[in-house]
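Welcome! Please take a moment to look over the sequence and the 3D view below, and then we can walk through them together.

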Amino acid sequence: MSKPNKRSFADPDTLFELVRSDTPVDVDGFKMGEPTGEVRCRECKKVAAAPEYIPHLPGCSQNDVTSNWYEQTHQ
Ligand SMILES: [Zn+2]
């Protein structure tokens, strides 16, 4: 059984979460609980504007994940 070397952000076995602001609007420009538009890797906790930009820590099992979803929705 062959395994694909790239996984998608949208695959159910990848662990990402959308970042929501946990500070008031005057701190970061976003209201409490409002999505900041960033994505966090749930394994290494690194954050970026899109999954493929996340600077995963060495050894993070998700550093091979790309985002077909992002490519398809941001053209
Ligand atoms: Zn990671």
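## A pair of strands to start with

Strand 3 and strand 4 run antiparallel and are joined by 2 bridges. Two strands count as paired here if DSSP finds at least two bridges between them. Strands themselves are DSSP runs (E, at least two residues), while helices are runs of H or I with at least four residues, and both are numbered from the N terminus. Within this pair, Val 39 stands opposite Ala 48 in strand 4.

Before going further, please keep in mind that this is a predicted model, in which local features need pLDDT of at least 70 and side-chain atom pairs count only at pLDDT 80 or more, while totals for chains, interfaces and linings use all residues. Residue numbers start from 1 along each chain as its sequence is written.

## The chain as a whole

How many helices and strands does the chain have? There are 2 helices and 5 strands, and along the sequence they follow the pattern β-β-α-β-β-β-α.

Of the chain's 75 residues, 9% count as buried. A residue is called buried if 20 or more other C-beta atoms lie within 10 Å of its own, exposed if 12 or fewer do, and partly exposed in between, with C-beta atoms placed from the backbone. Contacts give another view: two residues are in contact if their C-beta atoms, placed from the backbone, lie within 7 Å. Among contacts between residues at least 6 apart in sequence, 31% join residues at least 24 apart.

Which strands make up the open sheet, and in what order? The sheet has 3 strands in the order 2-3-4, with antiparallel pairing. Its edge strands are strand 2 and strand 4, each of which pairs on one side only. In general, strands of a sheet pair through backbone hydrogen bonds, either parallel or antiparallel.

Leaving aside residues up to four places away in sequence, Val 19 touches Pro 35, Thr 36, Glu 38, Val 39, Arg 40 and Val 47. The C-alpha atoms of Val 19 and Cys 41 are separated by 9.8 Å, with the two residues 22 apart along the chain.

Is Met 32 buried or exposed? Met 32 counts as exposed because it has 11 C-beta neighbours inside 10 Å. Its contacts, not counting residues up to four places away in sequence, are Ser 21, Asp 22 and Pro 24. From Met 32 to Arg 20 the C-alpha to C-alpha distance is 7.6 Å, across 12 residues in sequence.

Phe 30 is found in the loop between helix 1 and strand 3 too. With 18 other C-beta atoms within 10 Å, Phe 30 is partly exposed. Under the same rule about sequence neighbours up to four places away, Phe 30 touches Ser 21, Val 25 and Thr 36. Its C-alpha atom is separated by 8.5 Å from that of Arg 20, which is 10 residues apart from it along the chain.

## The hairpin turn and a later loop

Now return to the hairpin of strand 3 and strand 4, which has 5 residues between the strands. Lys 45 lies in this loop, between strand 3 (35–41) and strand 4 (47–48), and its phi is near 70 degrees, a positive value in a residue other than glycine. Most residues other than glycine have a negative phi. Lys 45 counts as exposed because it has 11 C-beta neighbours inside 10 Å.

Further along, Ser 61 sits in the loop between strand 4 and strand 5 (65–66). Ser 61 is partly exposed, with 13 other C-beta atoms within 10 Å. Ser 61 and Cys 44 are 17 residues apart in sequence, and their C-alpha atoms are 8.9 Å apart in space.
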